[in-house]
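Colleague: I would like a close look at a single part of this model. Please set that part in its wider context too.

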2 protein chains.
Amino acid sequence: MSDQRVVRPTPISGFPEWLPEIRSVELRWLDHIRAGFERYGFASVETPSVENLDVLLAKGETSQEVYTLHRLQADAGDDTDARLGLHFDLTVPFARYVAQHFNDLTFPFKRYQIQRVWRGERPQEGRFREFTQCDIDVINVDRVPLHFDAELPRIVHEVLSGLPLPAWTININNRKVLQGFYEGLGIADPLAVIRAVDKLHKIGDDGVREILTGPAGLTADQAAACLELARVKGTDTSVVDDVKRLGVSSALLDEGLDELGFVLDSLADLPRGSVVADLSIARGLDYYTGTVYEATFDDDPGYGSICAGGRYENLAGQFIRRSLPGVGISIGLTRIFAKLVAEGRIGAGRACPTDVLVVVPAADRRGEALRTAARLRERGFNTEVFHQAAKVGKQIQYASRKGIPFVWFPPFEDGRPHEVKDLATGEQAEADPASWARP
Amino acid sequence: MSDQRVVRPTPISGFPEWLPEIRSVELRWLDHIRAGFERYGFASVETPSVENLDVLLAKGETSQEVYTLHRLQADAGDDTDARLGLHFDLTVPFARYVAQHFNDLTFPFKRYQIQRVWRGERPQEGRFREFTQCDIDVINVDRVPLHFDAELPRIVHEVLSGLPLPAWTININNRKVLQGFYEGLGIADPLAVIRAVDKLHKIGDDGVREILTGPAGLTADQAAACLELARVKGTDTSVVDDVKRLGVSSALLDEGLDELGFVLDSLADLPRGSVVADLSIARGLDYYTGTVYEATFDDDPGYGSICAGGRYENLAGQFIRRSLPGVGISIGLTRIFAKLVAEGRIGAGRACPTDVLVVVPAADRRGEALRTAARLRERGFNTEVFHQAAKVGKQIQYASRKGIPFVWFPPFEDGRPHEVKDLATGEQAEADPASWARP
């Protein structure tokens with residue numbers, strides 16, 4: 001309308017946003033996930049979006065993915081903000097939080113954290129640069145009971161089961177089993193093997209064998225045994241026997257198999273096949289030290305993990321001189337949700353939360369409409385009053401377009417009582433705002 | 001424990017974070033605010049934290065407060081991210097959202113948006129660089145009915161009344177009244193007067209008079225009339241008569257007084273004094289064009305506005321060639337909450353959401369404890385199982401330290417039934433997990 005320059009807005013690749021009818025579904029998911037976490041007694045924590053760079057880089061590994069902040073109008077030479085970066089996960093901020101507030105927390109400390117994280121990726125199809133993660137972690141001083149290794153996948157199972165997802169599987173393994181098995185084979189550098197086996201789903205048996213017998217320096221027999229271990233898979237503690245039958249032994253292997261057996265046994269009541277021990281799962285390099293988790297979609301395992309985690313020896317060692325082991329798992333909400341939206345698998349929810357639209361047939365009925373709406377709101381119904389006197393048909397059309405299920409007619413001057421119309425069925429009936437209930 | 005370097009974490013000025021027992025209160029507030037917004041039919045929208053800089057700077061005014069993003073490891077000459085900045089409010093992103101999704105929205109579009117925003121301020125005591133805003137706006141094509149000017153302060157009143165705040169007042173004014181009054185006085189540049197009167201609470205009558213009769217070029221009589229208008233204040237439509245008695249008239253003034261009268265009249269049922277017409281409120285320069293809002297704490301008006309907003313002629317004019325007027329209001333959640341926390345006025349909430357801790361008196365009772373907990377969770381109780389067999393006294397101590405109100409004893413082997421202990425009263429009684437209710 002004005003002559004000013006128009007900046008045509010365009011979506012920014014990697015920063016998803018939703019229309020209200022999709023956002024309402026995401027919000028329902030978030031409520032569901034939070035309720036699931038709280039049901040098990042996890043406490044909410046939020047940390048700033050920003051950390052000091054030396055905190056973010058204390059581990060050094062992920063430096064290439066960090067967004068740093070700069071004041072647009074900073075004075076020359078003013079670098080007060082140059083040391084700030086957006087967090088790229090919720091684990092580093094949580095570790096910093098626990099270290100910083102150590103004396104004010106009760107351990108074992110169980111927290112959930114549902115927040116956005118940022119990765120300074122190059123703009124690229126399907127790569128998110130801002131996304132929401134839903135993390136739960138348990139951290140304790142010196143020792144975290146194995147109880148929690150079993151509790152976390154149970155919580156995730158419960159949470160994911162309550163969402164309308166395509167079939168998924170939570171895969172479980174134990175890094176001690178892998179490392180102990182390789183040690184039992186007399187392999188000098190078990191981490192090199194873990195690193196190679198981690199690529200199994202991408203490069204296949206032959207590719208892994210090539211690395212193992214090549215750069216990793218294994219004999220053909222050793223490599224064959226490693227690949228045999230990676231093939232072990234099962235839904236119950238029989239996998240422990242399957243591993244034992246491979247005839248390798250070490251103290252660490254025994255310890256890992258005990259732990260894996262305990263976790264599988266604890267989850268035995270879950271629907272068969274929803275949790276699977278998969279000895280090929282390794283989850284990265286040197287972060288995890290025991291149980292590891294990785295959930296994937298059954299029909300699209302190549303999409304990668306939709307939730308992941310595991311046990312770590314010392315979460316906050318970079319920030320405090322205390323031994324603080326933990327176990328945690330993270331649901332990649334945006335990763336899951338955006339994929340389903342893109343595939344058209346998320347049915348649109350309601351475009352607004354309104355239960356009832358109270359119509360205003362004429363300007364002098366506005367007071368009555370407002371009083372009716374107030375009464376309905378007191379009783380917990382989300383209620384709108386149409387914003388002006390207008391033809392009732394136009395007001396019903398507004399309700400219909402917004403997906404508002406009920407239209408309310410305040411009493412008319414001729415003494416007719418309140419009436420409510422159910423837009424789904426078209427039925428209209430007398431109603432009392434003090435006692436009406438959704439049919 | 002390891003020899004590695006320890007990065008001692010320190011709080012970053014301007015980026016607040018809370019302990020779990022404070023966070024649980026903030027979360028309750030957020031739920032309350034959201035429910036209040038939804039009760040009136042406002043739909044949730046979230047936008048990315050990041051916008052293109054040309055979107056953020058389309059108005060030009062606030063450029064000094066923007067944080068821009070940079071990839072820590074960007075290649076030399078790679079400026080793909082150089083055009084991204086964190087949003088500094090929720091109004092600009094909402095305007096961009098409405099323009100971008102114009103064809104997919106139903107108007108009038110009523111949205112709420114509860115998100116963090118960032119200001120690239122210098123680190124400074126009491127200045128937030130990251131904080132949460134809770135915004136509601138109504139936007140429509142060509143015309144927004146006055147209904148909404150009255151509805152927004154009603155919603156804010158309802159929301160704030162449900163929070164444990166020190167006394168506050170929502171002040172209301174109308175820019176048309178100010179501008180129309182100044183025009184009626186024959187003042188050539190009404191905006192200069194608005195700008196001066198806006199400083200009234202800081203520099204007082206004499207300071208404002210000095211500006212008006214000096215740089216603004218008003219006569220002493222004109223300046224006196226402007227100051228008289230700024231003194232008009234009242235809780236009902238009598239303020240309209242008070243303004244009229246000043247003997248100034250213009251078409252715009254009449255229009256503004258009609259609007260102000262309508263809004264005050266619509267809010268007449270609210271507790272007297274909670275909404276006040278204050279003709280000294282101006283709210284900035286050229287953004288708002290009609291009704292304006294500003295809420296402050298009664299005992300600390302100098303702290304500035306705790307919520308603010310108003311009506312604008314054309315929200316998204318920078319982004320789309322449509323006339324999209326709107327009216328909106330924003331609650332400064334962090335501004336309010338952090339102040340009360342600092343003053344010790346926020347009582348600590350629960351450090352965890354757990355209702356019931358089920359104890360594990362001996363390892364062989366673990367199965368029974370887990371089954372009991374599952375039953376309680378099904379029934380909606382947030383339930384923890386103590387993570388290992390231990391002395392019951394130690395487990396009760398854990399519950400007590402975490403503020404868990406009930407401790408549950410699963411049935412013992414000797415056939416004794418379930419018992420539950422209320423830690424507040426010390427009472428212990430038989431209970432059935434299938435029927436127990438909080439006393």
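Modeller: What follows takes one buried residue, then a second one, then the chain and the pair of copies.

This is a predicted model. Start with Q395(B). Its place is helix α13 of chain B, which covers residues 392-402. Is Q395(B) buried or exposed? Its relative accessibility is 0%, so Q395(B) is classed as buried, the cut-off being under 20%.

In sequence, 251 residues separate V144(B) from Q395(B). In space, their C-alpha atoms are 59 Å apart.

Now set T132(B) beside it. T132(B) sits in strand β6 of chain B, residues 130-139. With a relative accessible area of 14%, T132(B) is buried as well. Its contacts, again without residues up to four places away in sequence, include L30(B). They also include I114(B), Q115(B) and R116(B). A further run is I331(B), G332(B), L333(B) and T334(B).

Next, the chain as a whole, described on chain A. Chain A holds 13 helices and 17 strands. Its radius of gyration is 28 Å, well over the 22 Å from the globule rule for 439 residues, so chain A is more spread out than a compact globule. The C-alpha trace spans about 95 × 65 × 45 Å along its principal axes. Buried residues account for 58% of the 439 in chain A. Take the contacts in chain A between residues at least 6 apart in sequence: 69% of them join residues at least 24 apart.

The surface comes next. Chain A exposes about 17600 Å², and carbon and sulfur atoms supply 48% of that. Its charged side chains number 51 positive and 63 negative. The centres of these two sets lie 5 Å apart.

Last, the two copies. How is chain B laid on chain A? A turn of 180 degrees with a shift of 0.0 Å along the axis does it, at an RMSD of 0.0 Å. That is the relation of a two-fold axis. In chain B, L69(B) has the C-alpha nearest the axis, 2.5 Å from it. Both copies use the same surface: 100% of the contact residues of chain B recur in chain A.

Methods. Residues are numbered from 1 along each chain as its sequence is written. Chains are lettered from A and ligands numbered from 1 in the order in which they are written. This is a predicted model: local features need pLDDT of at least 70, side-chain atom pairs count only at pLDDT 80 or more; totals for chains, interfaces and linings use all residues. Side-chain values use heavy atoms; hydrogens and water are left out. Copies are superposed by least squares on the C-alpha atoms of residues with pLDDT of at least 70 in both. Contact means heavy atoms within 4.5 Å. Helices (H or I, at least four residues) and strands (E, at least two) are DSSP runs, numbered from the N terminus. The radius of gyration is taken over C-alpha atoms; the globule rule is 2.2 Å times the number of residues to the power 0.38. Buried means under 20% relative accessible area, exposed over 50%, partly exposed in between (1.4 Å probe, protein chains only). Accessible areas come from the Shrake-Rupley method with a 1.4 Å probe; for residues, only the protein chains shown count as cover. Lys and Arg count as positive and Asp and Glu as negative; His and the chain ends are not counted. The place of a charge is taken as NZ of Lys, CZ of Arg, CG of Asp or CD of Glu.
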